[in-house]
Amino acid sequence: SGKFYQRATTEASQATLASVSPVFAVMKLDKEGNTTYFEKKKTELYQELGLQARDLRFQHLMSIATRNNRIILRMEFLKAVITPEFLLILDYRNLNLEHWLFNELASQLAGEGQLVTYSLPFEFRAIEAILQYRISKLQGRLNTLQPQILETLEALVDPKLLSVDRSKLHILLQNGKSLSELETDIKVFKETILEILDEEELIEELCLSKWTDPQVFEESTSGIDHAEEMELLLENYYRQAEDLANEARELRVLIDDSESIIFINLDSHRNVMMRLNLQLTMGTFSLSLFGLIGVAFGMNLESSLEEDPRIFWLVTGIMFLGSGLIWRRLLSFLGRHLEPPLPPHVPAVLKKSQPAVGRVEIKNNLKAETFGLSRSTLANQ
């Protein structure tokens with residue numbers, strides 16, 4: 001009776017766990033592009049695929065792994081399981097990928113798209129289709145951000161502007177944040193592929209048909225190396241991701257340089273305003289200094305000078321003349337201390353090394369021109 005009770009308790013607990021197991025909405029695509037849709041519990045799905053429960057956990061934002069001759073792939077929100085005969089897309093209803101899933105993916109797997117791996121086994125086409133979609137999404141995000149950032153920078157980097165439009169700065173801040181997220185996604189994509197490229201065993205495991213299809217195994221033994229084809233496929237998309245990373249990096253450098261130019265322009269205008277304020281302060285000081293004469297004559301004290309009508313014009317002239325002379329003196333003092341110092345004198349001994357210096361300067365100028373051309377090319381694009 002004790003064993004019967006224990007068995008009943010175990011069956012009840014298993015039934016309870018099975019009832020709360022998540023249900024996947026599955027989209028199945030075979031080699032001919034035929035599509036079927038069904039719902040299946042997680043426990044039933046991983047048992048049919050010969051996997052473990054942890055294999056369908058998808059805890060990473062991006063991962064490519066092999067388990068029991070199955071490729072478990074995660075590309076951000078896309079969760080897929082690739083077998084030598086079919087491709088499973090899990091939870092496809094919540095992906096917002098309807099156009100690609102229903103209009104492009106099936107035709108690509110059937111050979112109607114532009115996949116270069118159509119002559120290779122099915123897993124090659126499935127991996128290429130998913131990687132191509134991921135790269136196209138990253139490229140689309142970069143193509144959307146690039147003109148917005150260039151337009152905002154063109155409006156901000158203007159030496160005639162005395163102030164910076166805060167709305168433009170807010171747009172630039174948002175675009176910079178989006179660019180940082182894009183750089184992170186590209187970096188994760190590159191690192192995931194690079195981890196596979198660094199391990200020959202992982203590349204071999206991705207060739208599923210090599211271990212299940214006798215014909216493919218014979219081809220691999222006769223000289224057609226499917227592992228090498230898989231490596232070339234992954235290297236191709238790694239190189240595309242590297243190109244995207246370089247474009248995003250150039251855009252980031254352009255933003256940083258433009259911010260420096262904006263700060264330089266603002267500092268220049270701020271210096272002009274500070275110098276004008278200083279000049280007005282010196283003028284006020286000069287007038288106040290010689291205004292003491294008028295204060296002295298404005299006191300209610302009698303002297304013999306107020307009886308002469310020419311004294312007023314004489315004192316007034318002395319006040320303005322003295323104020324002007326002091327103001328000019330202060331301005332010349334200010335100009336001498338604000339002017340940049342003269343370059344140091346080069347001794348005659350060092351003049352012999354001028355050709356080498358000239359070559360270094362020419363080289364630096366060429367580097368600067370090349371960097372400027374790259375920026376102009378980026379702006380034209």
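**Group meeting talk: a walk through one chain**

The side chain of arginine 141 meets that of aspartate 185 in a salt bridge, 2.7 Å from N to O. Arginine 141 lies in helix H4 and aspartate 185 in helix H5, so this pair ties together parts that are 44 residues apart in sequence. A salt bridge here is a side-chain nitrogen of Lys or Arg within 4 Å of a carboxyl oxygen of Asp or Glu.

Before going on, the ground rules. This is a predicted model, in which local features need pLDDT of at least 70 and side-chain atom pairs count only at pLDDT 80 or more, while totals for chains, interfaces and linings use all residues. Residues are numbered from 1 along each chain as its sequence is written, and side-chain values use heavy atoms, with hydrogens and water left out.

Now the overall picture. The chain has eleven helices and six strands. Those elements are DSSP runs numbered from the N terminus: helices are H or I with at least four residues, strands are E with at least two. The chain has 381 residues, of which 32% count as buried. Contact means heavy atoms within 4.5 Å. Taking contacts in the chain with a separation of 6 or more, 61% are between residues 24 or more positions apart.

Next, helix H3, residues 98-109. Its twelve residues should span 16 Å at 1.5 Å a residue, and the end C-alpha atoms are 16 Å apart, which agrees. The expected span is 1.5 Å times one less than the number of residues. Which residues of H3 are buried? They are Trp100, Leu101, Leu105, Ala106, Ser107, Gln108 and Leu109. These buried residues pack against strands S1 (23-30), S2 (35-41), S5 (78-82) and S6 (86-90), and also against H4. Just after H3, glycine 111 takes a positive phi of about 95 degrees.

Trp100 comes up again in the rings. The structure holds one aromatic pair. The ring centres of tryptophan 100 and tyrosine 133 are 4.3 Å apart and the planes are at 20 degrees, so the pair is stacked. The pair links distant parts of the chain, with tryptophan 100 in helix H3 and tyrosine 133 in helix H4, 33 residues apart. The rule covers rings of Phe, Tyr and Trp (its six-membered ring): centres lie within 6.5 Å, planes under 30 degrees apart are stacked, over 60 are edge-to-face, and the rest are tilted. Both tryptophan 100 and tyrosine 133 are buried.

Staying in helix H4, residues 122-156, we come to glutamate 128. Leaving aside neighbours within four places in sequence, glutamate 128 is in contact with Leu115, Val116, Thr117, Leu233 and Tyr237.

Back to salt bridges, of which the count is seven. One of them joins lysine 79 and aspartate 91, with the closest N and O atoms 2.8 Å apart. Lysine 79 is in strand S5 and aspartate 91 in the loop between S6 and H3, twelve residues apart. Lysine 79 counts as buried at 16% relative accessibility, and aspartate 91 is buried at 19%.

Glutamate 242 and lysine 190 form another, with the closest N and O atoms 2.6 Å apart. Glutamate 242 is in helix H9 (residues 226-297) and lysine 190 in helix H5, 52 residues apart. Glutamate 242 is partly exposed, with a relative accessible area of 25%, whereas lysine 190 is buried at 14%.

Helix H5 itself runs over residues 166-197, 32 residues in number, and reaches 46 Å from first C-alpha to last, close to the 46 Å expected. Its buried residues include Leu172, Leu179, Ile186, Phe189 and Lys190.

Last, the record. UniProt, in an unreviewed entry, lists residues 227-261 as "coiled-coil region". Its positions are given in the numbering used here, feature names are shortened, and annotations may be inferred rather than shown by experiment. In the model, residues 227-261 are 100% helix and 0% strand, with end C-alpha atoms 51 Å apart. For "transmembrane region", the unreviewed UniProt entry lists residues 280-299 and 311-327. Residues 311-327 are also 100% helix and 0% strand, with end C-alpha atoms 24 Å apart.

Technical notes:
Buried < 20%, exposed > 50% of the residue type's maximum accessible area, 1.4 Å probe, protein only.
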